[in-house]
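Open the model in your viewer and keep the selection tool at hand. The stops below are meant to be taken in order.

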Amino acid sequence: MNASIRPFWSPLVAGVALGAVLFATFLFTGHGLGASGSITGATAWLGGHVAPAATRGNDYLGPMLNGNPLATWITWELLGVLLGALLSAFAAGRFRVRVDGPTRFGAGGRFAFALVGGVLSGFGARMARGCTSGLALSGGAPLAVAAFVFLIGFFIVGLLAGYVTRRAWA
Amino acid sequence: MSLPAFDNGVASGLLAGILFGYVLESAGFASARKLTAQFRLTDWSVFKVMITAIVVAGGALAIADTTGLMKLADIFIPTNYVWAMLIGGACVGAGMAIGGYCPGTSAAALASGRLDGFVFMGGMVIGTGAFAWLFDLLKPLYLGAAGPEAQTLPELLGISSAAILVAISLVGVAGFYLGSRLEKASGGALGAQTLDDDATRDEGKSPVIGGLNANQGSSL
């Protein structure tokens, strides 16, 4: 037990706060929140250094190298997410260096799951032109059809994959 | 001043991100175990927080549009490409069930000290690279079955946005009720203390996890 660890916000409070932040973001910027776009910029930047010819010649990442792929609003926003989550975790006594995941795996097994999940997520977010925050949440609020089609795929396959992996995770 | 302000500078990005990250961590969304529990139906926080945020922001946007404060036509609304959205959603959903996070929550995880969040982000770079590498092959799926530009549910269904927001709210109320019952049946939604206790218990099991925590202490 650790008395200094504060509980999470209730889902209702967190949801109202998230909705308010999202609406304010629309007012200030004309678009919503996001996350995966910054990883796309980072991938283009990395490709530009590791394999410049292949990256410049790539139809998807190449055009991003015409400017600095990291100098975008979404990069600043992701830095902010890191800062905000760090602040919150420290303020609530929840910061702790650890490997989070199913207790039956060692760190190696957990990292393998995280890597596979990350590959799927990175690929899927590019396919859909956004992720859970950039598309489902930020498109869902203005009631975009795209967001709800994405959410159908997200929950159906997520539930199936959750069922298949339930013994690994529970 | 006309809205939206279209401020896409450094300060605007940092501020939006700080608030977003603060809320994500406060909701418990930095924890892979809590997030994946949604797909085992034992913790409904993902559904509850998302649908509440969509109704609150959606309601505010609808009021802003009606009153003329900020027109929906002036903000970014994604265009539907049916196959791309379904496949993309499926991959992000599978990625969360297997890897524990989605793109934004993996950043919140890393910032709260979770090393698996960092590995997930590394995986995303690989997945993004794979998409770019296969882009020419994927183009038919990526661009296929395109809907009208920036189409919304009210436009598609011919119903007012107020009616759709009420319908989404009803789904939310039903989800809160059903979810809370299922949470109770499985011992309750995962709390901060439980997750921390589990990390403490794990310290003896894995040399990597234990070694890190031996240096960190549990009261940080």
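Start by selecting Phe131(B). Leaving aside neighbours within four places in sequence, Phe131(B) is in contact with Tyr60(A), Phe123(A), Arg126(A), Met127(A), Leu138(B) and Tyr142(B); contact means heavy atoms within 4.5 Å. This is a predicted model, in which local features need pLDDT of at least 70 and side-chain atom pairs count only at pLDDT 80 or more, while totals for chains, interfaces and linings use all residues. Residues are numbered from 1 along each chain as its sequence is written, chains are lettered from A and ligands numbered from 1 in the order in which they are written, and side-chain values use heavy atoms, with hydrogens and water left out.

Next, widen the view to the core. Phe131(B), Leu18(A) and Met70(B) have the most contacts inside the largest nonpolar core, which has 93 residues. Helix H3 of chain B (residues 45–67) gives the most to this core, namely 11 residues. A nonpolar core is a set of buried Ala, Val, Leu, Ile, Met, Phe, Trp, Tyr and Cys residues joined through side-chain atoms within 4.5 Å. Buried means under 20% relative accessible area, exposed over 50%, and partly exposed in between, with a 1.4 Å probe and protein chains only.

How many helices and strands does the secondary structure of chain B come to? There are 11 helices and zero strands, where helices (H or I, at least four residues) and strands (E, at least two) are DSSP runs numbered from the N terminus. The C-alpha trace of chain B spans about 60 × 45 × 35 Å along its principal axes. Of its 220 residues, 53% count as buried.

Bring chain A back and select Thr132(A), which is found in helix H6 (residues 132–140) of chain A. Thr132(A) counts as buried because its relative accessibility is 6%. Not counting residues up to four places away in sequence, Thr132(A) touches Leu137(A), Phe150(A) and Phe154(A), as well as Met50(B), Val92(B), Cys102(B) and Pro103(B).

The cysteines come next. A disulfide is a pair of cysteine sulfur atoms within 2.5 Å, and by this rule the count over all chains is zero. For Cys131(A), the nearest cysteine sulfur is that of Cys102(B), 6.3 Å away. Cys131(A) is buried, with a relative accessible area of 1%. For Cys91(B), the nearest cysteine sulfur is that of Cys131(A), 13 Å away. Cys91(B) also counts as buried, at 14% relative accessibility.

To find the centre of the largest pocket, select Leu33(A), Arg129(A), Gly130(A), Gly134(A) and Phe76(B), the closest to it of the 23 lining residues. A pocket, on a 1 Å grid over the protein atoms alone, is an open set of points where a 1.4 Å probe fits, with protein on both sides within 12 Å along at least five of seven lines; lining residues have an atom within 4 Å of a point. About 440 Å³ of space lies in this pocket; grid points are joined across faces, edges and corners, and the volume is the space filled by probe spheres set on the points. H6(A) gives the most to the lining, with three residues.

Finish at Met64(A), in the loop between helix H3 (52–56) and H4 of chain A. Met64(A) is partly exposed, with a relative accessible area of 28%. Met64(A) touches Thr40(A), Ala44(A) and Pro69(A), not counting residues up to four places away in sequence.
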